[in-house]
Amino acid sequence: MYSPQSLHRWGITHSESMERLAYSQAMRDPMAMERANLLNMAKLSIKGLIESALSFGRTLDSDYPPLQQFFVVMEHCLKHGLRVKKSFLGFNKSLWGPLELVEKLCPEAAEISASVRDLPGLKTPLGRARAWLRLALMQKRLADYLRLLITRKDLLSDFYENSALMLEEEGAVIVGLLVGLNVIDANLCVKGEDLDSQVGVIDFSMYLKNDIDDYRSEERNSQIASILDQKNYVEELNRQLNSTVHGLQGRVDSLEKSNSKLIEELAIAKNNIIKLQEENQQLRSENSLILLKAQQQLEVTQGDVSVERDTYRQSRQGLDEMYNEARRQLKEECQLRQDVENELVVQVSMKQEMELAMKLLEKDIHEKQDTLIGLRHQLDDVKAINVEMYQKMQSSDEEMKKKNNMISRLEEKTNQITATMKQLEQRLQDAERNRREAEEGTRRFKLDFANKADSLQRQIELRERQLQQLETDLKIEREWRQTLQNDLERERDSVSQLSTEALQINGLKKEFHRLQDENIQLKSICEDQEQALEELGSKLSESKLKIEDIKEANKALQGGQVWLKDKDASHCKLCEKEFSISRRKHHCRNCGEIFCNSCSDNELPLPASPKPVRVCDTCHALLLQRCSSNPT
């Protein structure tokens, strides 16, 4: 990248060579002489405008004379060699035609063209062209737009003659000189000016100078060069700082988005925990119902067992075996009850742990919303909670295995009960056969032995009583079988519920692993962002120190520091002791205040003077601190 000063100097040297060529061809071609004169006037107007604007020290307005003369010279340069167009009213030379082409070559110039067309006070093409030049100068893109226009000579040939300034090398030289105008800040009010009726006359008195002015101009050129270099340096620093600020804003936005995502995930985790609590409550209610039903069944079975004991003791030995089997079943049901109670205790402890985890999560959420530092602690707590959930999942898997074992045992019991029922059915069939045989015997005895009818009737009554007892036993056994079947169906329902719970637990495991992966990714992102913020903070501190150094150097160059006079100081500024013959006055070369010898007995090199000079104690401490923080 070339600075505007270097481009300006290159334009001047190149224009001098062009002047020599133009002078040699002046006698041959009058158009070449006109081009050379316009080039010289453009060089003088641009140089004078830059020098006066830098010495003026603020933004230029439309009433500034060098700026007005610059627009007049540019108008003459653009009018040179324009083709005459015929119209109904006569002949017309318009600058607005070639300047409208810039809109097609550069889309950024569309705003200027649209604003020029929308101005209400402009009625002629010449007024629109003058307004376009002023807006392009305020936008600091006049050199760029004209450079694009010069490169398309095929389009300019429709508006200019072959020997026009815009089609020759002098136009390229003028565009190179216009690059230096990017240093100037102009604030021109185009809307209120009467640009249609202005008369463009060049004032040559502004550019006629003597030797003293030339010497002063050389000094000003050196000062302008140093000031331009400083301004370019400060602009580059500002651009770098702006880019770093935009990067920081993007990272802050990404951090805010990640925080919002974390808050949403925490809300989802809260909802899941509430659902788990509701499921735990449902399980507790179901367990309580199961316990009540088991107690009722135990009471019923105890009554049935007491009745069956009396009946089986009186009847047969097979009933004693059935009694022993029922006793075994009672023991197994007691064991099942104890297991269920143990599961309830475990679930209660799990609920307490979940409540504690909920409290910890709520505390962590409040801390995360306050500061970004709390994210690390929250991640650690989430890790601990995840470990507890994993342990609980393992315990739930073990409980599922136990319940599956219990289900297999119950199935074995049902098989045993079905076998006993088959044995009882066989016994009933034998009893019916015996009854039939007894009836046949009675018939025979009635026919053969009429005298023994009474005895036989007694035996028949006894047999009938036995049959009634057997029928009651069968009814009891059938009812017992139905109760066992109902118990089996209930246990199957509980097994299906446990299987669904196991599926839910597997889903929770998957969610747990997914949350672990997301936590690891968020940790890495947070660490990278913290490192980036630390690096940017160090760079910002260094840039601030550099800007302060530049400001101090500018103050030293411009004479911005206040040099206190000897008459105005009667006491030392630090120790406030009165000056006398023995206690002399000394100026601080950095701040310009007056101190005694003990308070200003320090020497350091300053940006304005490379040699070490006298400095007060406060300036000495500040400069040492700045040098230590920025050793480069």
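Which residue forms a salt bridge with R514? Hi everyone, let's start there. The partner is E518, and the closest N and O atoms are 2.9 Å apart. By salt bridge I mean a side-chain nitrogen of Lys or Arg within 4 Å of a carboxyl oxygen of Asp or Glu. R514 and E518 are 4 residues apart in helix α13, so about one helical turn separates them. R514 is partly exposed at 44% relative accessible area, and E518 is partly exposed at 21%. Here buried means under 20% relative accessible area, exposed means over 50%, and partly exposed is in between (1.4 Å probe, protein chains only).

A quick word on the model. It is predicted, so local features need pLDDT of at least 70 and side-chain atom pairs count only at pLDDT 80 or more, while totals for chains, interfaces and linings use all residues. Residues are numbered from 1 along each chain as its sequence is written, and side-chain values use heavy atoms, leaving out hydrogens and water.

Back to the charges. A search of the whole structure finds 13 salt bridges. One of them joins R130 and E75, with 2.9 Å between the closest N and O atoms. R130 sits in helix α6 and E75 in helix α3 (residues 65-79), so this pair ties together parts that are 55 residues apart in sequence. Helices, by the way, are DSSP runs (H or I, at least four residues), as are strands (E, at least two), numbered from the N terminus.

Next, please find R141 and E108, whose side chains meet in a salt bridge at 2.5 Å, N to O. R141 is in the loop between α6 and α7 (142-151), and E108 in the loop between α4 (96-105) and α5 (110-118), so parts 33 residues apart in sequence are tied together. R141 is partly exposed at 23%, and E108 is partly exposed at 43%. There is a network here too: salt bridges link E108, R141, D144 and R147.

F579 is buried, with a relative accessible area of 12%. Its C-alpha atom is separated by 8.6 Å from that of A569, 10 residues apart along the chain.
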